[in-house]
Each structure stands twice: as structure tokens, then as C-alpha cells.
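Subject: Structure handover

Hello,

Here is the structure I said I would pass on. My notes on what was found in it follow below.

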Amino acid sequence: MHRGDRAVLGVAEVLRDHVASLNLSPEQGKAAAHIIGCRTGRFGGLIADCDRCGGRHYRYNSCRDRHCPRCGTLDQAIWAEAQQQHLLPLTYYHLVFTIPESLRPFFLREGRALALEALFAAASETILDVGAKKGVRLGLLAVLHTWNQMMDNHPHIHCLVPGGGFAQDGGFVVMKRFLLSYKRLRHVFKVKLLQRLRALVKEGMLRVSGASAQHLFKDADARDWNMKVKRAFAGPEAVIKYFARYTRRIALSDARVVAYDGKTVTFRYRDRQDGNQVKTTRL
């Protein structure tokens with residue numbers, strides 16, 4: 001495939017070579033077919049005849065699949081605009097709830113949708129409950145990420161929280177600083193998520209053996225969990241635009257693919273543990 005005079009290297013080219021050997025679900029197969037067929041003749045297009053040079057130019061339609069790395073720009077903008085309608089003239093805070101590595105297996109096996117629901121519930125309830133303890137009823141926008149820059153399994157929740165909310169008497173309280181303690185948020189989230197995951201395992205809803213599950217829970221309970229709380233200095237609009245990219249794209253964008261030899265893909269990533277430096281890795 002070409003874009004202008006430049007050959008395009010990306011996810012579609014890799015999938016086209018290997019999709020037949022992959023064990024995909026019907027939903028995954030549909031998405032893969034759309035990505036491969038995007039901006040090819042499969043979805044039709046336009047033919048333009050130039051009245052000056054007499055040349056014929058082809059413009060193929062996009063697939064508009066939310067998983068396609070070549071689509072979604074318009075949908076991202078529409079989604080972001082819809083969220084911005086709800087913003088208040090307040091300072092906003094960006095919270096990120098992450099889990100220890102020992103809990104990640106629960107988000108890979110059958111029942112992972114229930115585990116992800118538990119993750120959402122634990123994060124939102126933490127913010128609302130801790131806020132209520134301070135006498136403020138808060139609101140939030142939460143978005144799920146399930147991967148990191150290396151495309152590893154890394155489920156975590158991003159939240160956008162306003163610096164104000166309704167008091168018990170019905171009045172509105174504006175916070176001069178974020179009154180929710182980082183340590184308190186981290187502790188409450190840890191307790192809530194572990195309780196929910198333990199209940200799912202006990203009910204047989206998560207396919208992890210009892211002995212293995214208990215070992216994983218014990219390891220997670222013994223650790224200090226990481227989370228981030230930072231003021232949205234660039235404004236809540238910037239955070240929403242960041243969220244939007246992850247609601248309408250898959251993990252790897254075409255722009256990050258550096259090389260592909262038919263078997264190995266080299267792609268760029270940002271190393272969060274090394275000053276956000278851009279590096280490359282191979283799969």
C-alpha cells in the first residue's frame with residue numbers, strides 16, 4: 001500500500017502475512033479483516049480523472065473500524081468534543097490506578113471482562129468514597145487501558161476528576177488543592193479491588209486455580225501499589241484528547257513500526273523507567 005509516493009509500513013502489512021495462522025475469535029477476525037482491507041479496493045473508493053494531465057487517481061475508503069490504526073481520527077475528535085461538553089470551570093486532576101504484576105493473570109483468562117469490571121468499579125468507588133469522607137460528592141471520567149508501550153498486558157484506569165463537587169448541604173465546594181490523600185486513595189483502591197477479585201474467584205467466575213489465586217493475592221497484598229495523582233496543568237481538554245486516542249485505536253500505531261522483514265517487527269516505544277526515552281524493540 002502507498003500513501004502518496006511513500007510506501008506505508010504498518011499493522012495491516014504484518015497481519016496480511018500472518019492472519020491465516022492466528023487463532024482469532026470472530027470479533028478479532030472481523031477487526032483483522034477490516035484492518036487489512038482498510039484503504040484498499042475492498043471498501044470501494046473514488047476515481048478521479050485529471051483534466052490537465054489526463055492521469056487517473058484512486059482514493060480508497062477507510063474501514064472505520066475502531067481498532068484500525070489508520071482510522072479513528074474523526075471519531076476521536078467527536079468523542080473528545082462530547083466529553084468536553086461536561087467540563088466545569090475548575091482545576092482538574094489526572095489519576096492513574098495501576099495494579100501489581102501478580103494480579104495481571106486475572107485479566108488474561110476467561111472471565112477477564114468481569115475482572116475489568118471489578119477494576120473500573122474499584123477505581124470509581126475509591127474516588128467517590130474517599131471524596132464522600134471529606135464531605136464532597138465528586139464526579140469523574142474513567143478510561144481503561146490494557147497495555148503499555150511495550151504492548152505487555154498492563155490493565156490500568158485513567159481518571160479525570162474535577163477539583164470540586166457537591167457538599168452534603170447541596171452547595172458546591174471548590175477545592176484549593178486536591179484534598180484526596182494519595183496514600184488513602186491507594187489503600188482504598190487496593191482493598192476494594194482485592195475484595196472483588198477474591199469474590200469472583202470464590203464464585204468460580206475467574207479461571208484461576210484456588211492455590212494459584214491465593215498465592216497471587218498474597219503477593220499483591222504484600223506490595224505497595226503504584227498510582228499517580230497529578231494536576232492537569234495543560235487543562236482538562238488535553239487529558240481528554242489523550243484519553244480519546246486510546247478509545248479509538250489499537251495498541252500499536254503504524255507510525256511506531258520501524259521495520260518488518262516478514263517475520264520480525266521492529267517498533268518504537270517510550271521507556272517510562274528511563275526518562276521517557278524513545279527506544280526500539282523487536283517481536
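Helices and strands here are DSSP runs counted from the N terminus, a helix having at least four residues (H or I) and a strand at least two (E). In those terms, D65 sits in the loop between strand 4 and helix 3. The model is predicted.

Overall picture

The protein has seven helices and 14 strands. Its C-alpha trace spans about 75 × 50 × 35 Å along the principal axes. Of the 283 residues, 41% count as buried. The accessible surface comes to about 16700 Å², and 51% of that belongs to carbon and sulfur atoms. Among contacts between residues at least 6 apart in sequence, 65% join residues at least 24 apart.

On confidence, the average pLDDT is 89, and 96% of the residues score at least 70. Residues 1-6 stay under 50, and the model has twelve contacts for them beyond four places in sequence. Where pLDDT is low, the predicted coordinates should not be read in detail.

The loop between strand 4 and helix 3

This loop runs between strand 4 (56-60) and helix 3 (73-84), and R64 is placed in it. Phi of R64 is near 60 degrees, a positive value in a residue that is not glycine. R64 is partly exposed, with a relative accessible area of 48%.

Leaving aside residues up to four places away in sequence, D65 touches A31, H34 and C71. A31 is 34 residues from D65 in sequence, yet the two C-alpha atoms are 6.9 Å apart in space.

N276 also has a positive phi without being glycine, near 65 degrees. Its place is the loop between strand 13 (265-271) and strand 14 (277-282), and N276 is partly exposed at a relative accessible area of 34%.

Helix 4

Helix 4 covers residues 112-133, which is 22 residues. From its first C-alpha to its last it reaches 31 Å, close to the 32 Å expected at 1.5 Å a residue. Its buried residues are A115, L116, A118, L119, A121, A122, A123, T126, I127, V130 and G131.

What do the buried residues of helix 4 pack against? The partners are strand 5 (92-98), strand 6 (136-137), strand 7 (141-147), strand 8 (153-162) and helix 5 (182-202). After helix 4 comes G135, with a positive phi near 85 degrees.

Salt bridges

Side chains of opposite charge can pair when their charged atoms come close. The structure holds twelve salt bridges; three of them are described here.

- K192 and E125: the closest N and O atoms are 3.6 Å apart. This pair links distant parts of the chain, with K192 in helix 5 and E125 in helix 4, 67 residues apart. K192 counts as buried at 17% relative accessibility, whereas E125 counts as partly exposed at 26%.
- E13 and R16: the closest N and O atoms are 3.6 Å apart. E13 and R16 are three residues apart in helix 1 (residues 11-18), so about one helical turn separates them. E13 is buried, with a relative accessible area of 11%, whereas R16 is partly exposed at 39%. E13 and R16 also belong to a network of salt bridges with R70 and D254.
- D271 and K279: the closest N and O atoms are 2.8 Å apart. D271 counts as buried at 16% relative accessibility, and K279 is partly exposed, with a relative accessible area of 27%.

Surface patch

Which residues make the nonpolar surface patch of about 360 Å²? They are L88, F166, F172 and V174. V174 lies in strand 10 (residues 172-174) and is exposed, with a relative accessible area of 53%.

Regards

Definitions and conventions
Residues are numbered from 1 along each chain as its sequence is written. This is a predicted model: local features need pLDDT of at least 70, side-chain atom pairs count only at pLDDT 80 or more; totals for chains, interfaces and linings use all residues. Side-chain values use heavy atoms; hydrogens and water are left out. Buried means under 20% relative accessible area, exposed over 50%, partly exposed in between (1.4 Å probe, protein chains only). The expected span of a helix is 1.5 Å times one less than its number of residues. Contact means heavy atoms within 4.5 Å. Patches are made of residues with over 30% relative accessible area and no salt bridge: like charges are joined within 9 Å, nonpolar side chains (Val, Leu, Ile, Met, Phe, Trp, Tyr) within 5 Å. Accessible areas come from the Shrake-Rupley method with a 1.4 Å probe; for residues, only the protein chains shown count as cover. A salt bridge is a side-chain nitrogen of Lys or Arg within 4 Å of a carboxyl oxygen of Asp or Glu. pLDDT is the predictor's confidence in each residue, from 0 to 100.
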